[in-house]
Amino acid sequence: MITLKELISHFHSLMDTIQKESPILNSKHSFSKRTDYLPERYEFANGQEVHLEIGQRAHISDILEIQRQGYEGKTPWGFVALENDIVKSQKSLYLLIYNGTEPVAFLGSRFEITDIHITNIAVAPAWQGKGVGSLLLQLLTAVAKEEKVSSITLEVRISNSKAQALYNKLGFKAIRIKRNYYHGDGEDAVDMKLNLAKV
């Protein structure tokens, strides 16, 4: 028969195991609040300066605006979905880039213990091709290394060769094709992965 003392000992052992295996539970802060080491300001080679903000509820309207600009007036992620991800999830991190008060790009991601999965990334048309997308991915790579995860993953439309070229340039490799992945038009997606051990 198990004594109360043995039962308590088993419970403590189980809790220790859970905390070691889950960085989210082992941290006093959510994923998005463990990024205070990221610099706030960045300057591109042409002298253009932008700044970084970590996504909160107040940023949702700016994320929606960037989506509208980049997706021909559409918002693939609506207010409620963004609110659930940014405000209610302990595993989500959103990075936003601003030029003064103008929102120019954002990246949404989710912490998955050994992987950080990019859920969404968009750059306002006027800022595409200027290195903003690369900056967001480099910032997330720095976060991934800080969190000691082994990879970053994402999906990209099979027709979006421009984005695929950027991801390839940054070290992402195509893993597989996800058939009929995108809701609405049923377009296939390319599943891509950045192995951080090789970066």
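This is a predicted model: local features need pLDDT of at least 70, side-chain atom pairs count only at pLDDT 80 or more; totals for chains, interfaces and linings use all residues.
**A walk around strand E6**

Residues are numbered from 1 along each chain as its sequence is written, and side-chain values use heavy atoms, with hydrogens and water left out.

A word on the labels: helices (H or I, at least four residues) and strands (E, at least two) are DSSP runs, numbered from the N terminus. So what does E6 pair with? On one side there is strand E5 (residues 115–123), which pairs with E6 in the parallel sense over three bridges. Two strands count as paired if DSSP finds at least two bridges between them. To get from E5 to E6, the chain passes through helix H5 (residues 132–147), and this β-α-β crossover is right-handed. That term means that, with the strands pointing away from the viewer, the path from the first strand over the helix to the second runs clockwise.

E6 also has strand E8 as a partner: the two run antiparallel, joined by seven bridges. Here Leu-154 stands opposite Met-192 in E8.

Is E6 mostly covered or mostly open? Mostly covered: six of its seven residues are buried. Buried means under 20% relative accessible area, exposed means over 50%, and partly exposed lies in between (1.4 Å probe, protein chains only). Arg-157, at 28%, is partly exposed.

Arg-157 brings us to the salt bridges. How many salt bridges are there? The count comes to 10, where a salt bridge is a side-chain nitrogen of Lys or Arg within 4 Å of a carboxyl oxygen of Asp or Glu. In one of them, Arg-157 meets the side chain of Asp-185 at 2.8 Å, N to O. This pair links distant parts of the chain, with Arg-157 in E6 (residues 151–157) and Asp-185 in the loop between strand E7 (173–178) and strand E8 (189–195), 28 residues apart.

Arg-179 and Asp-188 form another salt bridge, with their closest N and O atoms 2.8 Å apart. Arg-179 is exposed, at 59% relative accessibility, whereas Asp-188 is buried, at 16%. Staying with salt bridges, those that share partners join Arg-157, Asp-185 and Glu-187 into one network. Elsewhere, Glu-49 bridges to Arg-41, with 3.6 Å between the closest N and O atoms; Glu-49 is partly exposed at 39% and Arg-41 is exposed at 53%.

The largest pocket holds about 1,300 Å³ of space. Grid points are joined across faces, edges and corners, and a volume is the space filled by probe spheres set on the points.

Which element gives the most to the lining of the largest pocket? It is E5, with seven residues. E5, H5, E6 and helix H6 (161–169) each supply at least two. By type, the lining divides into 16 nonpolar, 12 polar and six charged residues. In this sorting, Ala, Val, Leu, Ile, Met, Phe, Trp, Tyr, Cys and Pro are nonpolar, Asp, Glu, Lys and Arg are charged, and the others, Gly among them, are polar.

The second largest pocket has a volume of about 180 Å³. Its lining includes Ser-30, Lys-33 and Gln-90.

One last stop, in the loops. Ser-159 sits in the loop between E6 and H6 and is exposed at 53%. Its C-alpha lies 8.4 Å from that of Asp-188, 29 residues apart along the chain. In the loop between E7 and E8 you will find Asn-180, whose phi is near 50°, a positive value in a residue other than glycine. Asn-180 is exposed, at 58%.

Note on methods:
On a 1 Å grid over the protein atoms alone, a cavity is a set of points where a 1.4 Å probe fits but cannot get out, and a pocket is an open set with protein on both sides within 12 Å along at least five of seven lines; lining residues have an atom within 4 Å of a point.
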